[in-house]
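This report describes a protein chain through its fold, its surface and selected side-chain pairs. Please consult the sequence and the structure alongside the text.

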Amino acid sequence: MTLSWIAWAWIPLTLWAALAQTARNAAQRSLTAELGTLAATLVRFLYGLPLATAWVAGLTFWGAGGIPQFNGVYAAWLAMGALTQVGATAFLLLAMKERNFVLAVAYSKTEVLQVALFSAVLLHELPGPLALGAMAAATVGVVLLSLPPGGWRALRAGSSATAGQGSGRLVVYGLASGACFALASVGFRGASLALADANAGVAPWVAGAWGVFWAQLLQSVVLGGWLLARQPGVAGAIARAWRMSVVAGSMGAVASIAWFTAYAMRPASDVRTLGLVEVLFSYLVSRRVFRESLTPTEGAGLALVLAGLVGICAQW
C-alpha cells in the first residue's frame, strides 16, 4: 500500500531545500572574491560529493533502497541537468558580484516561467490553470522585490546612470542563470522519470540520492578537470579555503538531495515554484531579519510571492 505521506512530502522537502540553498548561496558568495567564479562553483559540487556519497551508502546499507538499474536515457537526462546546473551556478555568482545578493537571486528566479515552458516542450508536463496563476503571481512578486528604493521611477531615472556600472550584466547573468536552472530542473526531473521507467516502484528517496551522487560526481570531474588544466594552482586555493567550502558544499548537497527527491514526486514546475520561498529567505538575509521597515512595493511583492506559494500548494 502506498504511504499517504509521500503525496505531500515534496512540500517540506522543497521548503528545506530552499532554506539550505539560501545558506549555500551566502557561503558561495563570500568564496567568489577569494577563489574566483568557477572555483567557487566547483566548491559546491566537490565538497558536497562526500555527503552525497554517504547518503547513497547509508540508504543502501540500511536497506532503504538497493542499487537501481541505469540506462542511456537516464544518463542523458542527468548529464543535461548536471552540466546546465554548473552554468546556472556560475551565472548566479557572476550576477552576485555585479550588484546585490537579493537582486541576483531574484533575476535567477525567472526560471519558474522558463521551467514551465521547458517542461511542456521536453517532458510534456503541462501546468494547470491554478499552477500557471501561482507562477505568474510569484514571478511578479519577485520583480517587485527586485526594484530599487523608489520603485519604478527610481529604476527609470537610474537606468542611464547605471548603464556603465554593471546593471546590464546583472540582468544578463541573472536571466541566463534562470534559464540554466530551468533546464537543470527539467533534466533532473527527466532522469527521475527515466529511472522510474527502468525500475518499477523505485522509491523517491532512492532516485533522489543516486541522482545527486551521479550529478555531483560528473560536475566535480568535468569542472574540476577543466580548472586544473587552465589554473593549476586552483587546487591549493580550494584546499586552503576548506572551512567555508565545507559549509557551501554541505549545504549544497543537503539542498540537492531534497530537490532531487522532490523532483521524483512532483513535476519540476511545481517544485520550482514552491522553491521561490528562497526569495523570501534571501530577502530576510539581505534586510537583516527586518531591521528596516518594508516599503509598500516590497510588501506587495512579498504578498504576491506568498500567494503564489499558497496557490501551488493548494492545487495539490
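Is histidine 124 buried or exposed? Histidine 124 is exposed, with a relative accessible area of 66%; the term buried denotes under 20% relative accessible area, exposed over 50%, and partly exposed the range in between (1.4 Å probe, protein chains only).

## Basis of the model

This is a predicted model, in which local features need pLDDT of at least 70 and side-chain atom pairs count only at pLDDT 80 or more, while totals for chains, interfaces and linings use all residues. Residues are numbered from 1 along each chain as its sequence is written, and side-chain values use heavy atoms, with hydrogens and water left out.

The pLDDT, the predictor's confidence in each residue on a scale from 0 to 100, averages 83 over the protein, and 84% of the residues score at least 70. Where pLDDT is low, the predicted coordinates should not be read in detail.

## Overall architecture

The protein has 15 helices and 0 strands. These elements are DSSP runs numbered from the N terminus, with helices (H or I) of at least four residues and strands (E) of at least two. Of the 316 residues, 51% count as buried. Among contacts with a separation of 6 or more, 88% join residues 24 or more positions apart.

Two helices can be checked against their expected span, which is 1.5 Å times one less than the number of residues. Helix 1 (residues 10–35) has 26 residues and should span 38 Å; its end C-alpha atoms are 35 Å apart, which agrees. Glycine 36, with a positive phi near 100°, follows helix 1. For helix 15 (residues 296–314), the 19 residues should span 27 Å, in agreement with the 26 Å between its end C-alpha atoms. The buried residues of helix 15 include Glu298, Gly301, Leu302, Val305 and Leu309. An α-helix has 3.6 residues a turn, so residues three or four places apart point the same way.

## Surface and nonpolar patch

The protein exposes about 13800 Å², of which carbon and sulfur atoms supply 69%; accessible areas come from the Shrake-Rupley method with a 1.4 Å probe, and for residues only the protein chains shown count as cover. Ile67, Phe70, Leu83, Trp214, Leu217, Val221 and Val222 form a nonpolar surface patch with about 600 Å² of accessible area together. Patches consist of residues with over 30% relative accessible area and no salt bridge, where like charges are joined within 9 Å and nonpolar side chains (Val, Leu, Ile, Met, Phe, Trp, Tyr) within 5 Å.

Helix 10 gives the most to this patch, with 4 residues. Valine 222 lies in helix 10 and is partly exposed, with a relative accessible area of 41%. Alanine 79, in helix 4 (residues 72–98), is partly exposed at 25% relative accessibility. The C-alpha atoms of alanine 79 and alanine 215 are separated by 7.1 Å, although the residues are 136 apart along the chain.

## Salt bridges

The whole structure contains 3 salt bridges, each defined as a side-chain nitrogen of Lys or Arg within 4 Å of a carboxyl oxygen of Asp or Glu. Arginine 272 and glutamate 111 form one of them, at 2.8 Å from N to O. This pair links distant parts of the chain, with arginine 272 in helix 13 (residues 268–274) and glutamate 111 in helix 6, 161 residues apart. Both arginine 272 and glutamate 111 are buried.

Arginine 189 and glutamate 125 form a salt bridge at 2.9 Å, N to O. Here arginine 189 lies in helix 9 (residues 167–198) and glutamate 125 in the loop between helix 6 and helix 7, 64 residues apart. Arginine 266 meets aspartate 270 in a salt bridge of 2.6 Å, N to O. Arginine 266 is buried at 19% relative accessible area, and aspartate 270 is buried at 3%.

Methionine 135 lies in helix 7 and is buried, with a relative accessible area of 0%. Not counting residues up to four places away in sequence, methionine 135 touches Val112, Leu113, Ala116, Pro127, Ser269 and Thr273. Methionine 135 and aspartate 270 are 8.7 Å apart, C-alpha to C-alpha, and 135 residues apart in sequence.

Histidine 124 lies in the loop between helix 6 (111–123) and helix 7 (129–146). Its phi is positive, about 60°, although histidine 124 is not a glycine. Most residues other than glycine have a negative phi.

Key: Contact = heavy atoms within 4.5 Å.
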